[in-house]
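Open the model in your viewer and keep the selection panel at hand. The stops below say what to select next and what is there.

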Amino acid sequence: MIKSYSKFFLIAFLLIFTSGCTFKFTYNNLEYVISSYVEKMVSLDGVLKKRLDEQTISLITWHRNTQLIQYANLLRDLKRDFGPDLTEQQVSYTIKNIEDFWQILVEKLNKEMVTLLPLLDNDQLDELFVNIDKKNDKFYKENVDLDKDEISEEYEERLLDNFETWLGDLTKQQKDEIQKTATTIDSSANLRLQLRKYWKKNIQEILKTEDTVDIKSNKLTIFFNQFNAKQIDMLANIRNKNIQAIGLLALKLIHIATPEQKQNFINEADYYIRIFTELKENR
C-alpha cells in the first residue's frame, strides 16, 4: 500500500518496521546498510560517496530526533485503545497516523534525491537505470505475474505473519477471518508497476539533459511533487477499499482477542516503545 518508488534511494529506512532482537542493531547500522544498498544500484566515486554518507547521517539524525518518539506515542495510543471497546474511528485514526509518518519520510527522501541524482554522470546514470529495470522485472515476476489465488494466498500469509507477531498464536476464528479478508483484497501491483516505470522514464529524461545541476534539481522537485499526487490519485480506489477491509479485520480480531493475546500485544508494544526511546536518547 505504501510502497513508493521515491524510497529506492534510502530504502533501508524500511527496516524500522522489522521485528525481532536485531531491530536496534540494524537501526544503529543504517548508515552502512543504506550505503551498501545505494552502491548496488550505482557505482560512486569518492566525492559522491562522501556526499552520500553526509546526507545519510543527516537523514538518520533527523529521523532519530523527530520520528521515533512519534512511533512510541502511536504504540502508547494503541495500548490504551486495545480491547473490546475499540472503534472503527480509532482504527482509522491509527492508519491515518501511519500514512502521515510515511508521507513525511517520502518527502524528506525526495529532498535528498533532488540534490544527489543530478551529480551522477552519464555512465553512472546508465548503470542506475539498468538496475532499476532489473528491479522492475523482479517486481513484475513477484507481484504482478500471479493469478488471483496466488495473490490471495500471499495476502493471507502476510496478514497471518503480521497479526501473529503482535497477538501471538491466533484462534481458528481469527484465522478464518484473515482468510476471508485476504480474498477481498485487491492487488495494486500492476498499477504500482506502471508508476515505477513512469517514475524511471521521467527522471531519466530530466537527468539525461545538458541542463545544469540546479535546473535538474528544480525539475526533479517539481516532478516528485507531481508524481506523489499522481500516485495517490491512481491508487486511491484500491487503497481505500483495502484499508477499509484490513481496518475492519483488525477491529474484529481485537474484539475477540484472548487475554493472552492482549498481554502479547502489550509486551510487543512495550518492547518497541523502549527501543524507540533508547534509540532517540542514545544517539
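Which residues are buried in helix 11? Gln261, Phe265, Ala269, Tyr272, Ile273, Ile275, Phe276 and Leu279 are. Buried means under 20% relative accessible area, exposed means over 50%, and partly exposed lies in between (1.4 Å probe, protein chains only).

Before moving on, two notes on the numbers. This is a predicted model: local features need pLDDT of at least 70, side-chain atom pairs count only at pLDDT 80 or more, and totals for chains, interfaces and linings use all residues. Residues are numbered from 1 along each chain as its sequence is written, and side-chain values use heavy atoms, with hydrogens and water left out.

**Stop 1: helix 11**

Select residues 259–281. Helices are DSSP runs (H or I, at least four residues), numbered from the N terminus. Helix 11 has 23 residues, and its first and last C-alpha atoms are 33 Å apart. That is close to the 33 Å expected at 1.5 Å a residue. The expected span is 1.5 Å times one less than the number of residues.

**Stop 2: helix 8 against helix 10**

Select residues 172–182 for helix 8 and residues 213–255 for helix 10. Their axes come within 10 Å and cross at roughly 175°. Helix 8 is therefore roughly antiparallel to helix 10. Axes are lines fitted to C-alpha atoms, for helices over the stretch in contact, and angles run from 0 to 180 degrees between N-to-C directions. Over 145 degrees counts as roughly antiparallel.

Now show side chains. Helix 8 contributes Gln174, Glu177, Ile178 and Thr181 to the contact. Helix 10 contributes Ala245, Leu249, Lys252 and Leu253. Contact means heavy atoms within 4.5 Å. By class, this contact has four nonpolar, two polar and two charged residues. Ala, Val, Leu, Ile, Met, Phe, Trp, Tyr, Cys and Pro count as nonpolar, Asp, Glu, Lys and Arg as charged, and the others, Gly among them, as polar.

Zoom in on Ala245, in helix 10. Is Ala245 buried or exposed? Ala245 counts as buried because its relative accessibility is 18%. Leaving aside neighbours within four places in sequence, Ala245 is in contact with Thr181 and Thr184. Thr181 is 64 residues away in sequence, yet the C-alpha atoms of the pair are 6.6 Å apart.

Stay on helix 10 and pick Leu248. Leu248 is partly exposed, at 32% relative accessible area. Draw a distance from Leu248 to Gly46: the C-alpha atoms are separated by 51 Å.

**Stop 3**

Select residues 68–81 for helix 4. Helix 4 has 14 residues and reaches 20 Å from its first C-alpha to its last. Leu68, Tyr71, Ala72, Leu74, Leu75 and Asp81 are buried here. Just after helix 4, Gly83 takes a positive phi of about 145°.

Continue to Thr87, in the loop between helix 4 and helix 5 (88–116). Thr87 is partly exposed, with a relative accessible area of 31%. Thr87 and Lys252 are 10 Å apart, C-alpha to C-alpha.

**Stop 4: His63**

Go to His63 in helix 3. What is the relative accessibility of His63? The value is 0%, so His63 counts as buried. Its side chain makes a polar contact with the side chain of Tyr71 (3.1 Å). A polar contact is a pair of N or O atoms within 3.5 Å; within protein, one must be able to donate a hydrogen and the other to accept it, and residues adjacent in sequence count only if both atoms are side-chain atoms.

**Stop 5: helix 6**

Finish at residues 122–144. At the start of helix 6, a side-chain oxygen of Asp121 reaches to within 3.2 Å of the backbone nitrogen of Asp123. The buried residues of helix 6 include Leu125, Phe129, Ile132 and Phe139. The buried residues pack against helix 2 (30–41), helix 3 (46–66), helix 7 (148–167) and helix 9 (189–207).

Technical notes. Helices (H or I, at least four residues) and strands (E, at least two) are DSSP runs, numbered from the N terminus. Angles under 35 degrees count as roughly parallel, over 145 as roughly antiparallel, 65 to 115 as roughly perpendicular and the rest as oblique.
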